Amino acid sequence: MDTRHFVHMHEALRSLEADPATLLDPIKRTFVFDGRHVSANLTLLEDTGDALHVQPDHDELVLILEGECGFRVGDEVTRVKAGDLIFIPRDTLHGPILDNGRVAALSIFAPFFDRSQKNIRWSKDGFA
């Protein structure tokens, strides 16, 4: 369990290294906090291709920190930009739709996101 209490987001984004558990995923993440009931990660989205996915067991909040893109949650697609907050209920198809540039986001998962488990089902793998 991570014991850090403070993270400066812009510094963390500059030195972002993908968590090894996400290296084969369309979305690379680095986890910044893990608690008993919640996990948080930072993501830099650039040229992710098909990044639609489902987390069957996790609700997620996504805060867009930099950039802008389309974002799908269920059947709804909305343009999001820095400062926008997105709620994704568990087992809901969602993901960014990148058209140019890069997007940085903070994601908060509940319950705890155990990276030793297969928590995400990707549409690229044929489920959607």
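Colleague: Which residue is the bridge partner of Asn41 in strand 9?

Modeller: Ser107. Keep in mind that this is a predicted model.

Colleague: What stands opposite Ser107 in strand 4?

Modeller: Val62. Strand 4 covers residues 59-66.

Colleague: How do strands 2 and 9 pair, parallel or antiparallel?

Modeller: Antiparallel, over seven bridges. Strand 2 is residues 39-45. Strand 4 also pairs with strand 9 in the antiparallel sense, over seven bridges.

Colleague: Why is strand 9 called largely enclosed?

Modeller: Strand 9 spans residues 103-110, and six of its eight residues are buried, so the rest of the structure largely encloses it.

Colleague: New topic. Thr30, buried or exposed?

Modeller: Buried. Its relative accessibility is 17%, and the cut-off is under 20%, so Thr30 makes it.

Colleague: Where is Thr30 found?

Modeller: In strand 1, residues 29-34.

Colleague: What does the Thr30 side chain reach at 3.2 Å?

Modeller: The backbone oxygen of Glu17.

Colleague: Which residues does Thr30 touch, leaving out those up to four places away in sequence?

Modeller: Leu16, Glu17, Asp19, Ala40, Asn41 and Leu42. Asn41 is the residue we began with, bridged to Ser107.

Colleague: Now Trp122. Which strand does it lie in?

Modeller: Strand 10, residues 121-122. Trp122 is buried, with a relative accessible area of 2%.

Colleague: What separates the C-alpha atoms of Trp122 and Ala105?

Modeller: 19 Å, with the two residues 17 apart along the chain.

Terms used:
Residues numbered from 1 in each chain as written. Predicted model: local features only at pLDDT ≥ 70, side-chain atom pairs only at ≥ 80, totals over all residues. Heavy atoms only, no water. Buried < 20%, exposed > 50% of the residue type's maximum accessible area, 1.4 Å probe, protein only. Helix = DSSP H or I, 4+ residues; strand = E, 2+ residues; numbered from the N terminus. Pairing = 2+ DSSP bridges. Polar contact = N/O pair within 3.5 Å; in protein donor to acceptor, adjacent residues only side chain to side chain. Contact = heavy atoms within 4.5 Å.
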